[in-house]
Amino acid sequence: MGKKFNKICAIVFFPIAFFVYLIKVIIKVVKKALLRKYLKNISVNKIDSLDGKSFEDFLYYFFLSLNLKVKKTSLTRDYGADLIIDYNGEKIVIQCKNYYNHKVGNSAIQEIATAKDYYNATIGIVITNWFFTSPAQTLAGKVGVKLIDRNILSQILHSPNTIKNDYFVNFIDSNKFVQTI
């Protein structure tokens, strides 16, 4: 009875397990294709209409599309980081600031610097759809926080996918802390 039962289970459950696995793979491929299509048509002007949470979600999916290992922090008590990226064994913390017609100030730099320590990250980045105040740029340079403003974000978004990944990786690896174009 035992051998017969095992054989029946193998005959019945193996195809079901394989089918479920196949469906998951297909869903993953379709999601990635839809994501790339969506990201291909996005512009900074469209990002301006997003709220803060949607901007975080957008950047989460954007980094996923670059094949980076990214995770979201909790909505509350995030200790200054919205996203955490694992890049070649380095931990990168990112704060997302979706401001329109309002420059990002020192508090964002202070928060990501704190998050960098809290999460034991090697790199801290603040990304905004707008610009940074001059004092924020100065502070970022002093505390080693990298800044991505509207111009850089637009440049990344409008470059081909292969260049997007290279551009972001080069940005992470660069010694420049304040990037302006």
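The questions and answers below go through a predicted model of one protein chain.

Reader: How many helices and strands does the chain have?
Author: From the N terminus on, the elements run α-α-α-β-β-β-α-β-α-β-α-α. The totals are seven helices and five strands.

Reader: What share of the residues in the chain is buried?
Author: The chain has 181 residues. A residue counts as buried when its relative accessible area is under 20%. Buried residues make up 39%.

Reader: Of the contacts between residues at least 6 apart in sequence, what percentage join residues at least 24 apart?
Author: Contact means that heavy atoms lie within 4.5 Å. Among contacts between residues at least 6 apart in sequence, the share that joins residues at least 24 apart is 60%.

Reader: Are helices α4 and α5 roughly parallel or roughly antiparallel?
Author: Two packed helices are described by the angle between their axes and the distance between the axes. Helix α4 covers residues 106–118 and helix α5 covers residues 134–143, and their axes are 8 Å apart at an angle of about 20 degrees. Angles under 35 degrees count as roughly parallel, so α4 and α5 are roughly parallel.

Reader: Which residues of α5 meet α4, and how many residues of the contact are nonpolar?
Author: From α4 come Asn106, Ile109, Gln110, Ala113 and Lys116, and from α5 come Pro135, Ala136, Leu139, Ala140 and Val143. Of the residues in this contact, two are polar and one is charged, and the nonpolar ones number seven. The α5 residues asked for are Pro135, Ala136, Leu139, Ala140 and Val143.

Reader: Which residue caps the N-terminal end of α5?
Author: A side-chain oxygen of the capping residue lies 3.1 Å from the backbone nitrogen of Ala136. After α5 comes Gly144, with a positive phi near 75 degrees. The cap at the N-terminal end is Thr133.

Reader: Are α3 and α6 oblique or roughly parallel to each other?
Author: Helix α3 is made of residues 52–65 and helix α6 of residues 150–157; their axes come within 13 Å and cross at roughly 45 degrees. Roughly parallel requires an angle under 35 degrees. The two helices are therefore oblique.

Reader: What classes of residue make the contact of α3 with α6?
Author: α3 passes α6 in a left-handed crossing. Phe55, Phe58, Leu59 and Phe62 of α3 make the contact with Leu153, Ile156 and Leu157 of α6. With no polar and no charged residues, the contact has seven that are nonpolar.

Reader: Which backbone oxygen does the side chain of Thr128 reach?
Author: Thr128 lies in strand β4 and is buried, with a relative accessible area of 0%. Leaving out residues up to four places away in sequence, Thr128 touches Phe55, Lys97, Tyr99, Val104, Ile148, Asp149, Arg150 and Leu153. The side chain of Thr128 comes to 2.8 Å from the backbone oxygen of Lys97.

Reader: Is Ser43 buried or exposed?
Author: Ser43 sits in the loop between α1 (2–40) and α2 (44–47). Beyond residues up to four places away in sequence, Ser43 touches Leu157 and His158. Its relative accessible area is 19%, and the cut-off for buried is under 20%. Ser43 is therefore buried.

Reader: How far apart in space are Lys71 and Leu83?
Author: Lys71 belongs to strand β1 (residues 69–72) and is exposed, at 51% relative accessible area. Not counting residues up to four places away in sequence, Lys71 touches Tyr60, Asp82, Leu83 and Ile84. Lys71 and Leu83 are 12 residues apart in sequence, and their C-alpha to C-alpha distance is 5.7 Å.

Reader: What is the phi of Asn88, and what is that of Asn120?
Author: Asn88 is in the loop between β2 (83–87) and β3 (90–97) and is exposed at 66% relative accessibility. Asn120 is in the loop between α4 and β4 (123–128) and is exposed at 65%. Neither is a glycine, and phi is positive in both: about 50 degrees for Asn88 and near 55 degrees for Asn120.

Technical notes:
Residues are numbered from 1 along each chain as its sequence is written. This is a predicted model: local features need pLDDT of at least 70, side-chain atom pairs count only at pLDDT 80 or more; totals for chains, interfaces and linings use all residues. Side-chain values use heavy atoms; hydrogens and water are left out. Axes are lines fitted to C-alpha atoms, for helices over the stretch in contact, and angles run from 0 to 180 degrees between N-to-C directions. Helices (H or I, at least four residues) and strands (E, at least two) are DSSP runs, numbered from the N terminus. Angles under 35 degrees count as roughly parallel, over 145 as roughly antiparallel, 65 to 115 as roughly perpendicular and the rest as oblique. Ala, Val, Leu, Ile, Met, Phe, Trp, Tyr, Cys and Pro count as nonpolar, Asp, Glu, Lys and Arg as charged, and the others, Gly among them, as polar. Buried means under 20% relative accessible area, exposed over 50%, partly exposed in between (1.4 Å probe, protein chains only). A polar contact is a pair of N or O atoms within 3.5 Å; within protein, one must be able to donate a hydrogen and the other to accept it, and residues adjacent in sequence count only if both atoms are side-chain atoms. A crossing is left-handed if the near helix is turned anticlockwise from the far one by less than a right angle, and right-handed if clockwise.
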